Amino acid sequence: MYKVKLNGKEYNIDPESDDSMMQQLIAQGAAIVSACGGAGICQTCAFKPVSGKFTDKTDTEKMMDLPDGQRLSCQCKPEGDGEIEMIY
């Protein structure tokens with residue numbers, strides 16, 4: 001279990017779960033916009049890592065035109081404790 005800090009609050013993220021980081025954050029009360037429901041096509045769940053390491057970009061993320069350093073919370077998980085900033 002890893003801790004991910006968002007807006008000053010720590011959330012527990014299970015890297016072994018089938019749920020994405022976005023789904024796990026929302027289940028714990030985080031306010032994350034997801035217009036596409038986690039399909040990885042709307043970019044509304046985009047975040048910028050402040051600290052920590054995250055899984056490699058998925059093929060879906062590679063196809064998107066994300067600015068450098070941004071990731072989709074519906075497409076990745078942490079590889080340790082970290083902190084993120086939501087873009088939207």
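A: Start with a rule: two strands pair if DSSP finds at least two bridges between them. Strands here are DSSP runs (E, at least two residues), helices likewise (H or I, at least four), and both are numbered from the N terminus. This is a predicted model, with residues numbered from 1 along each chain as its sequence is written. Local features need pLDDT of at least 70 and side-chain atom pairs 80 or more, while totals for chains, interfaces and linings use all residues; side-chain values use heavy atoms, leaving out hydrogens and water.

Q: Which residue in strand 4 is the bridge partner of F47?
A: R71 is the partner of F47. Strand 3 (46-51) and strand 4 (71-72) pair over two bridges, in the antiparallel sense.

Q: In what order do the five strands form the sheet?
A: Strands of a sheet pair through backbone hydrogen bonds, either parallel or antiparallel. Here the order is 2-1-5-3-4, the sheet is open, and the pairing is mixed. Strand 2 and strand 4 are at the edges with a single partner strand each, so one side of each has no neighbour in the sheet.

Q: How many bridges join strand 1 to strand 2?
A: Five bridges join them, and the two strands run antiparallel. V4 faces Y11 in strand 2. Two residues lie between the strands in this hairpin, and N7 takes a positive phi near 55° there.

Q: Which residues touch the most other members of the largest nonpolar core?
A: Such a core is a set of buried Ala, Val, Leu, Ile, Met, Phe, Trp, Tyr and Cys residues joined through side-chain atoms within 4.5 Å. Buried means under 20% relative accessible area, exposed over 50%, and partly exposed in between (1.4 Å probe, protein chains only). The largest core here has 20 residues, and L6, M21, L25, I32, F47, L72 and I84 touch the most other members. Strand 1 (2-6), strand 2 (9-13), helix 1 (21-27), strand 3 and strand 5 (82-86) each give at least two residues to this core. Helix 1 supplies the largest share, three residues.

Q: What is F47 in contact with, leaving aside neighbours within four places in sequence?
A: Contact means heavy atoms within 4.5 Å. Among the partners of F47 are M21, F54, L72, C76, I84 and I87.

Q: Is Q75 buried or exposed?
A: Q75 is buried, with a relative accessible area of 17%. Q75 sits in the loop between strand 4 and strand 5. Its side chain makes a polar contact of 3.0 Å with that of T58. That term means a pair of N or O atoms within 3.5 Å; within protein, one must be able to donate a hydrogen and the other to accept it, and residues adjacent in sequence count only if both atoms are side-chain atoms. Beyond four places in sequence, Q75 also touches residues including G38, A39 and E61.

Q: How many disulfides does the count give?
A: The count is zero. The rule needs two cysteine sulfur atoms within 2.5 Å. The sulfur of C45 is 3.6 Å from the closest cysteine sulfur, in C74, which is too far for a bond. C45 is buried at 2% relative accessible area, and C74 is buried at 9%.
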